[in-house]
Amino acid sequence: MSKAPAKYAERANIERRSDEDAAAMASYIADMASELSQLAGRAEMPMVAYFLSLARVEAEMRSRELGGAKIKREE
């Protein structure tokens, strides 16, 4: 009997976990970028705030693509 199906199932499980890890990291990056953007805005650095907002949006999109939970934040 071949062990190929078990091998593929294990590989799929590893890929799923790595997607979950990547989604969690993207979510964390989005949170940090949001906070830094707010700080940059208060420090009168509009371009820095703008680029950090772009980073936040990109990280949120990536998190959603990977199946991450919706990001809830206070604004």
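A salt bridge here is a side-chain nitrogen of Lys or Arg within 4 Å of a carboxyl oxygen of Asp or Glu. Keep in mind that this is a predicted model. With that rule in hand, the count comes to two salt bridges.

Let's take Arg62 and Glu65 to start with. Their side chains meet in a salt bridge, at 3.1 Å from N to O. Both residues sit in helix α2, three residues apart, or about one turn of the helix. How exposed is each partner? Arg62 has 42% relative accessibility, so it counts as partly exposed. Glu65 comes in at 57%, and therefore counts as exposed.

The other pair is Glu60 with Arg56, whose side chains also meet in a salt bridge, 3.1 Å from N to O. Because they are four residues apart in helix α2, about one helical turn separates Glu60 and Arg56. Buried or exposed? Both Glu60 and Arg56 are buried, and that label stands for under 20% relative accessible area. As a general point, side chains of opposite charge can pair when their charged atoms come close.

| Residue | Relative accessibility | Class |
|---|---|---|
| Arg62 | 42% | partly exposed |
| Glu65 | 57% | exposed |
| Ile29 | 47% | partly exposed |
| Tyr50 | 46% | partly exposed |

Tyr50 leads us to the rings. The aromatic count comes to one pair. That pair is Tyr50 and Phe51, and its geometry is edge-to-face, with 5.4 Å centre to centre and 65° between the planes. Why edge-to-face? The planes are 65° apart, and the label applies because planes over 60 degrees apart count that way.

Now for Leu52, which is placed in helix α2, residues 46-65. What does Leu52 touch, leaving aside residues up to four places away in sequence? Its contacts are Ala33, Leu36, Ser37 and Ala40. One of these, Ser37, is 15 residues from Leu52 in sequence, yet the two C-alpha atoms are 5.2 Å apart in space.

Together with Met25, Tyr28, Ile29, Met32 and Leu39, Leu36 makes a nonpolar surface patch of about 590 Å². Ile29, one of the patch members, has its place in helix α1, which covers residues 4-42. With a relative accessible area of 47%, Ile29 is partly exposed; that clears the patch cut-off, because patch residues need over 30% relative accessible area.

Methods:
Residues numbered from 1 in each chain as written. Predicted model: local features only at pLDDT ≥ 70, side-chain atom pairs only at ≥ 80, totals over all residues. Heavy atoms only, no water. Helix = DSSP H or I, 4+ residues; strand = E, 2+ residues; numbered from the N terminus. Contact = heavy atoms within 4.5 Å. Buried < 20%, exposed > 50% of the residue type's maximum accessible area, 1.4 Å probe, protein only. Patch = residues over 30% accessible without salt bridge, like charges linked within 9 Å, V, L, I, M, F, W, Y side chains within 5 Å. Areas by Shrake-Rupley, 256 points an atom, 1.4 Å probe, with all protein chains shown as cover. Phe/Tyr/Trp six-rings, centres within 6.5 Å; stacked < 30°, edge-to-face > 60°.
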